[in-house]
Amino acid sequence: MLLVFLGAPGSGKGTTSKKMVDLHGYKHISTGDIFREVIKENTPLGKRVKKIIESGELVDDKTTWEVARHALEQNDLENEKIILDGFPRNIEQAKMLEDWLLEKKLDMPKPQYFEVSLDVILQRLSGRLICSKCGRVYNVISDKPKVKGKCDFDGADLYQREDDKIENVETRLKTYRDVTEPLVKFYADRGDLILINGEASSETTAEISLSFAEELKN
Ligand code: AP5
Ligand code: MG
């Protein structure tokens with residue numbers, strides 16, 4: 001079964017996915033996480049992607065779809081529980097995904113859209129910290145590490161994502177408004193959008209997401 005998570009930067013897609021992985025046996029595919037791994041490899045692709053992501057722009061559709069499709073193909077979508085987080089992000093990408101699913105005779109699930117106000121987004125992004133070793137996500141307000149600046153699990157240093165720095169957040173939010181909001185409208189007009197209150201606790205957002213997933217099964 002495939003779930004698609006849609007929402008602004010900082011709306012809680014990754015955090016909710018992590019809960020679903022830890023508590024409910026889901027697998028998590030995040031195109032943003034995959035790109036951050038590619039960047040670490042320092043290949044020509046990694047160098048190109050690094051510049052784009054850090055500036056808050058989107059990676060081109062062809063590259064992104066290759067990455068997303070490759071990740072999807074590693075899984076059994078009929079028998080495993082998969083969350084696709086951060087893809088699709090524009091109408092072109094949505095068509096690529098739907099055509100591919102159609103070829104596989106699989107249905108496009110109704111995307112789950114995490115609704116969060118701008119104030120909350122700004123507060124969350126400015127407070128997010130990531131473990132440099134395991135990638136675990138913290139927040140200086142809502143999910144503090146036990147020791148300041150260190151991961152609870154492996155003690156590695158926490159860092160701020162380059163694209164969470166205030167000067168890049170503005171571009172990301174503009175990109176989101178220009179490119180992803182029309183996709184949200186596209187699904188809403190089709191009557192396909194599932195709304196999730198992204199301002200609830202991550203335990204609650206995971207429970208809500210799960211209840212919609214149960215409905216998809218029936
Ligand atoms: P990506 O990594 O996907 O970034 P994003 O979409 O900007 O989303 P975020 O990861 O910032 O937000 P999130 O919703 O996951 O929030 P989180 O749960 O971490 O993509 C990065 C870049 O890669 C893109 O800008 C683009 O360049 C490229 N890219 C990726 N996909 C692409 C695509 N399809 N096409 C083209 N380019 C693509 O939470 C944020 C903070 O809030 C955390 O600190 C967390 O602790 C806290 N928090 C979360 N939920 C709650 C809650 N319920 N209550 C309290 N605090 C919470
Ligand atoms: Mg994320």
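Leaving aside residues up to four places away in sequence, Asn 90 is in touch with Asp 61, Val 179 and Leu 183. The model is a predicted one, and in it Asn 90 sits in the loop that runs between strand E3 (82–85) and helix H5 (91–103). With a relative accessibility of 11%, Asn 90 counts as buried.

Five strands make up an open sheet in the order E2-E3-E1-E4-E8, with parallel pairing. The edges are taken by strand E2 (27–30) and strand E8 (194–197); each has a single partner strand, so one side of each goes without a neighbour in the sheet. On average, neighbouring strands here are turned by 25 degrees against each other, direction ignored. E2 and E3 pair in the parallel sense over four bridges, and Ile 29 has Leu 84 in E3 as its bridge partner.

Helices pack on this sheet too. Helix H2 (residues 31–41) lies across E2 and E3 and runs at about 70 degrees to E2. Helix H7 (residues 166–189) touches strand E1 (2–7) and strand E4 (112–115), and its direction makes about 130 degrees with that of E1.

Lys 51 belongs to another helix, H3 (residues 44–55). Lys 51 counts as exposed because its relative accessibility is 67%. Between Lys 51 and Ile 39 there are 9.5 Å in space, C-alpha to C-alpha, for a separation of 12 residues in sequence.

That leaves the cysteines. How many disulfides does the model hold? The count is zero. For Cys 134, the closest cysteine sulfur is that of Cys 131, at 3.7 Å, which is too far for a bond, given that a disulfide needs the two sulfur atoms within 2.5 Å. Cys 151 is likewise in no disulfide, and its nearest cysteine sulfur, again that of Cys 131, is 3.7 Å away. Is Cys 151 buried or exposed? At 4% relative accessibility, Cys 151 counts as buried, whereas Cys 134 is partly exposed, with a relative accessible area of 44%.

How values were computed: Residues are numbered from 1 along each chain as its sequence is written. Chains are lettered from A and ligands numbered from 1 in the order in which they are written. This is a predicted model: local features need pLDDT of at least 70, side-chain atom pairs count only at pLDDT 80 or more; totals for chains, interfaces and linings use all residues. Side-chain values use heavy atoms; hydrogens and water are left out. Helices (H or I, at least four residues) and strands (E, at least two) are DSSP runs, numbered from the N terminus. Buried means under 20% relative accessible area, exposed over 50%, partly exposed in between (1.4 Å probe, protein chains only). Contact means heavy atoms within 4.5 Å. Two strands pair if DSSP finds at least two bridges between them. Axes are lines fitted to C-alpha atoms, for helices over the stretch in contact, and angles run from 0 to 180 degrees between N-to-C directions.
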